[in-house]
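Thanks for asking me to look this over.

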Amino acid sequence: MAYVAVKGGERAIGNAHAWLEETRRGDPSLPALSVAQIEAQMGLAVDRVMAEGACHDRGLAALAIKQAQGDLIEAAFLLRAYRTTLPRFGHALPLETGAMRIRRRVSATYKDLPGGQVLGPTYDYTHRLLDFALAAEGAPPPPPAPQAEAPQEHAPHVTELLAREGLMAREAEARGEPADLTRAPLAFPASRAARLQNLARGDEGFLLGLGYSTQRGYGNSHPFVGEIRQGSVTVCLMPPELGFEIEIGEIDVTECQMVNQFHGSKAEPPQFTRGYGLALGRGERKAMAMALVDRALMAGDLGEERTAPAQDEEFVLLHSDNVEATGFVEHLKLPHYVDFQSELEVVRRMRATAEAALRAIAEPAREEEVAE
Amino acid sequence: MSHEPGSPFGGYNFAYLDENTKRMIRRALLKAVAIPGHQVPFGAREMPLPYGWGTGGIQVTAAILGPRDVLKVIDQGADDTTNAVSIRRFFSRVAGVRGTTRTAEATIIQTRHRIPETPLTEAQTLVYQVPMPEPLFRLEPRLAETRRMHALADYGLMHVKLYEDIARHGHVSTAYSYPVMVGGRYLMSPSPIPAFDNPKMHRMPALQLFGAGREKKIYAVPPYTEVRSLDFEDHPFRPHRADGCCALCGSTTSYLDEVLTDDRGGRMFVCSDTDYCEERQEAAATAAPASTTPAPETEGVA
């Protein structure tokens, strides 16, 4: 084989992308998926892309999923790269999740409570049996689900009920403008706002694994699901030039508040502490995992010993972002032959030194043999 | 920022970033130039290219690029590697600037893993893509701790690492990203350039800017700044290259890539800097038009 300098990278890229587009479309004899179909029927994928793409726009998330052939990390990346070009015109007031229009709300700490338990559209308690009927084309849509008659009563947060009794630590309300990860780099120790923002955008799988590890002894937490709620909340903004708040829209979120044991310290009596999780859309697994990790990260502030990965702020926050992680892991496929060449030279040089040393030991020994 | 489909540069602002973001990056750059070798945190944006693929360098280039600039982009010393092509294409699309492969013609050179062989001038700026800006990260992964170490110029850990290398192997085993001291004060990662390139940074007439997008850091080496590779009096720093000459241009001083030519140990060496190599081949062809370029020789392994 003769050496051929690799040229024509531009044409190769163009051809590869043409092939990618053809592959993405798949068998042209089948109808193309519409963005509306993805948005309506792949709703949980859309929600995950919105959460990790940090942009609440179902239509754009569905488009990203279509463009990415269903690769949700790639889709989140597409959405992020779009989001970053949008102007930032302010920050919303804290969401009033206590006033959520609830679709689902469950508590594991109380059998019944104000607002009640609302199962909502959940996979919980389904039997995971493949439904072959779904494979049939042209089946009629399912009949509408039965609806509750009574209007929903107000559902206060479980943690608020505990806090009123003094059993749950109240958290200081943050004043002023919250940190914005998209404008300023993370600094350590990070503020709670920056931490929660990071976790809310974080990779579901990463947070799930970390949350799971806290349940298996890596960082002791004794969590109860105080409550999970999912539904729509109003977003309000207070433009400084107006001086009063205005409603700018409504978004779907999932919120999880974990209630955790805390044995108390010299300064504080024993009480419960909270781990908080919030995800855009329906992201219950993500919100729960986030709440576990949020609580684990409080170890330092609560004077608990930090021994586990989930309690290590830098470790968690700097590795939770899947757009960052996928970029850096996958950059390993870029050419590295300059660095590899320098490694080759070093290894060859070190081997030469080691072999010379071995020879120096072996040769006097041979001379002795000859002498005998 | 303009998103109108009819506007130039594919609906984006000149060089993609909006002017406020550019201003933020320029402020970080000014601070970085004022404190040579010190890592300045900046609000790196999400770019339409993946993290780890040059987003830091791209943001720095975008912040300093003007319409009359001539841009060269290299990866592994070559202009035609796919990622270099992709980044050059990005800037021709969103800024419409002229691209070049000629080192001497470029006003801005964005690079990954190499410093060009042709010496740079005061009229040029070299922008490095940096994966890990922290030179101490293999020894101390906690950023809060490394920040303290930089503040106190507490670099003993790195000296101990080099000492242990020499004690164990007789050589420093770091072949690339070889740490340097800038202006006698800050320990700095030169980015993963081979140690062979380190001496080129010392008192370089061109401004050297470093962008790490994922790690959200910018740092700089102003023109004519002292840049010393770490070493010991009895074990001075020595840049290494493959012991051979380029099969295409015959250079015995350039940094070489090893190319495998068969599966029986056949190999050859060629310049990693493609522009340098081509210019030498052209010069040789003009000087002696009758003779052709020497046929690539392959050597077997003994």
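1. Let me start where the two chains meet, keeping in mind that this is a predicted model. The contact draws on 52 residues of chain B and 41 residues of chain A. On the chain B side, the elements that contribute two or more residues are α3 (82-94), α4 (143-151), β11 (256-260) and β12 (267-271). Of these, α3(B) supplies the largest share, 5 residues. Sorted by class, the side of chain B that touches chain A holds 24 nonpolar, 16 polar and 12 charged residues.

2. Next, the domains of chain B. The assignment gives domain 1 (9-229) and domain 2 (241-302), and their C-alpha centres are 28 Å apart. Where they touch, domain 1 of chain B puts in 14 residues and domain 2 of chain B puts in 8 residues. The domain 1 side of that contact is made up of 4 nonpolar, 5 polar and 5 charged residues.

3. Do have a look at the open sheet of 3 strands in chain B, which has the order β7-β6-β10 and antiparallel pairing. Why does one side of β7 (186-188) and of β10 (227-229) in chain B lack a neighbour in the sheet? Both strands stand at the edges and each has a single partner strand, so one side of each is left without a neighbour. On average, neighbouring strands in this sheet are turned by 30° against each other, direction ignored. If you want to trace the pairing yourself, β6 (residues 180-182) of chain B and β7(B) are antiparallel over 3 bridges.

4. Helix α2 (residues 55-64) of chain B is mostly covered, with 9 of its 10 residues buried. The buried residues include Ile58(B), Gln59(B) and Val60(B), along with Gly56(B) and Gly57(B). What do the buried residues of α2(B) pack against? Their partners are α1 (19-34), α3, β4 (108-112), β5 (125-129), β8 (207-212) and β9 (217-221) of chain B.

5. Turning to chain A as a whole, you will find 12 helices and 4 strands. Its radius of gyration is 28 Å, well over the 21 Å that the globule rule gives for 372 residues, so chain A is more spread out than a compact globule. Along the principal axes, its C-alpha atoms fill a box of roughly 105 × 70 × 55 Å. Buried residues account for 30% of the 372 residues in chain A. Among the chain A contacts with a separation of 6 or more, 64% are between residues 24 or more positions apart.

6. Chain A is divided into domain 1 (13-83) and domain 2 (97-121 + 153-172 + 180-325). The C-alpha centres of these two domains lie 29 Å apart. Their contact takes 13 residues from domain 1 of chain A and 12 residues from domain 2 of chain A. On the domain 1 side, α3 and α5 of chain A are the elements that give two or more residues, and α3(A) gives the most, with 7 residues. That side divides into 8 nonpolar, 1 polar and 4 charged residues.

7. Helix α4 (residues 58-67) of chain A deserves a moment too. Is this helix mostly covered or mostly exposed? Mostly covered: 7 of its 10 residues are buried, among them Arg58(A), Leu60(A), Leu63(A) and Ile65(A). The buried residues of α4(A) pack against α2 (35-41), α3 (43-53) and α5 (72-83) of chain A. After α4(A) comes Gln69(A), which has a positive phi near 55°.

8. Finally, the strand pairs of chain A. β1 (residues 101-106) and β2 (residues 223-237) of chain A pair in the antiparallel sense over 5 bridges, and Arg105(A) stands opposite Arg229(A) in β2(A). β2(A) also runs antiparallel to β3 (residues 246-260) of chain A, to which 14 bridges join it. Leu237(A) has Ile246(A) in β3(A) as its bridge partner.

Notes. Residues are numbered from 1 along each chain as its sequence is written. Chains are lettered from A and ligands numbered from 1 in the order in which they are written. This is a predicted model: local features need pLDDT of at least 70, side-chain atom pairs count only at pLDDT 80 or more; totals for chains, interfaces and linings use all residues. Two residues are in contact if their C-beta atoms, placed from the backbone, lie within 7 Å. Ala, Val, Leu, Ile, Met, Phe, Trp, Tyr, Cys and Pro count as nonpolar, Asp, Glu, Lys and Arg as charged, and the others, Gly among them, as polar. Domain bounds come from an automatic or database domain assignment. Two strands pair if DSSP finds at least two bridges between them. Axes are lines fitted to C-alpha atoms, for helices over the stretch in contact, and angles run from 0 to 180 degrees between N-to-C directions. A residue is buried if 20 or more other C-beta atoms lie within 10 Å of its own, exposed if 12 or fewer, and partly exposed in between; C-beta atoms are placed from the backbone. The radius of gyration is taken over C-alpha atoms; the globule rule is 2.2 Å times the number of residues to the power 0.38.
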